[in-house]
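This report covers a nonpolar core and a nonpolar surface patch. The sequence and model come first.

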Amino acid sequence: MLYLVLFLFAFNLSAQTEKPDYCNSVELENLYTDVINLINARDYDLAIEKSLKVIEKAEEKQCFEYLFY
């Protein structure tokens, strides 16, 4: 019984971490990566500008993971 509970718990966690198909957007991933690279390069003005684009696209697609980041 304990193994069944542990299996179901692990399955539930893995299901929560997968992105829905409509969130597997190459465009969103690229924009987010650009933002991270700009932050690392300390180009904050452009990072903010691109972040707003990520927010806009994530809201359109209801990809809450990208809104969180």
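## Nonpolar core

A nonpolar core is a set of buried Ala, Val, Leu, Ile, Met, Phe, Trp, Tyr and Cys residues joined through side-chain atoms within 4.5 Å. Buried means under 20% relative accessible area, exposed over 50%, and partly exposed in between (1.4 Å probe, protein chains only). The model is predicted: local features need pLDDT of at least 70, side-chain atom pairs count only at pLDDT 80 or more, and totals for chains, interfaces and linings use all residues. Residues are numbered from 1 along each chain as its sequence is written, and side-chain values use heavy atoms, without hydrogens and water.

The largest nonpolar core has eight residues: C23, L28, L31, V35, V54, A58, C63 and Y66. Helix 2 (26–40) and helix 3 each give two or more of them. Helix 2 has the largest share, three residues. Helices here are DSSP runs (H or I, at least four residues), numbered from the N terminus.

## Around V54

Which residues is V54 in contact with, leaving aside neighbours within four places in sequence? They are L28, L31, Y32, V35 and Y66. Contact means heavy atoms within 4.5 Å.

N30 lies in helix 2. Its C-alpha atom is 9.4 Å from that of V54, 24 residues apart along the chain. N30 is partly exposed, because its relative accessible area is 42%.

## Surface patch

I48, L52, I55, F64 and L67 form a nonpolar patch on the surface. Together they have about 490 Å² of accessible area (Shrake-Rupley method, 1.4 Å probe, only the protein chains shown counting as cover). Patch residues have over 30% relative accessible area and no salt bridge; nonpolar side chains (Val, Leu, Ile, Met, Phe, Trp, Tyr) are joined within 5 Å, like charges within 9 Å. A salt bridge is a side-chain nitrogen of Lys or Arg within 4 Å of a carboxyl oxygen of Asp or Glu.

Helix 3 (44–61) and helix 4 (64–68) each supply at least two patch residues. Helix 3 gives the most, three. I55 is in helix 3. I55 counts as partly exposed because its relative accessibility is 36%.
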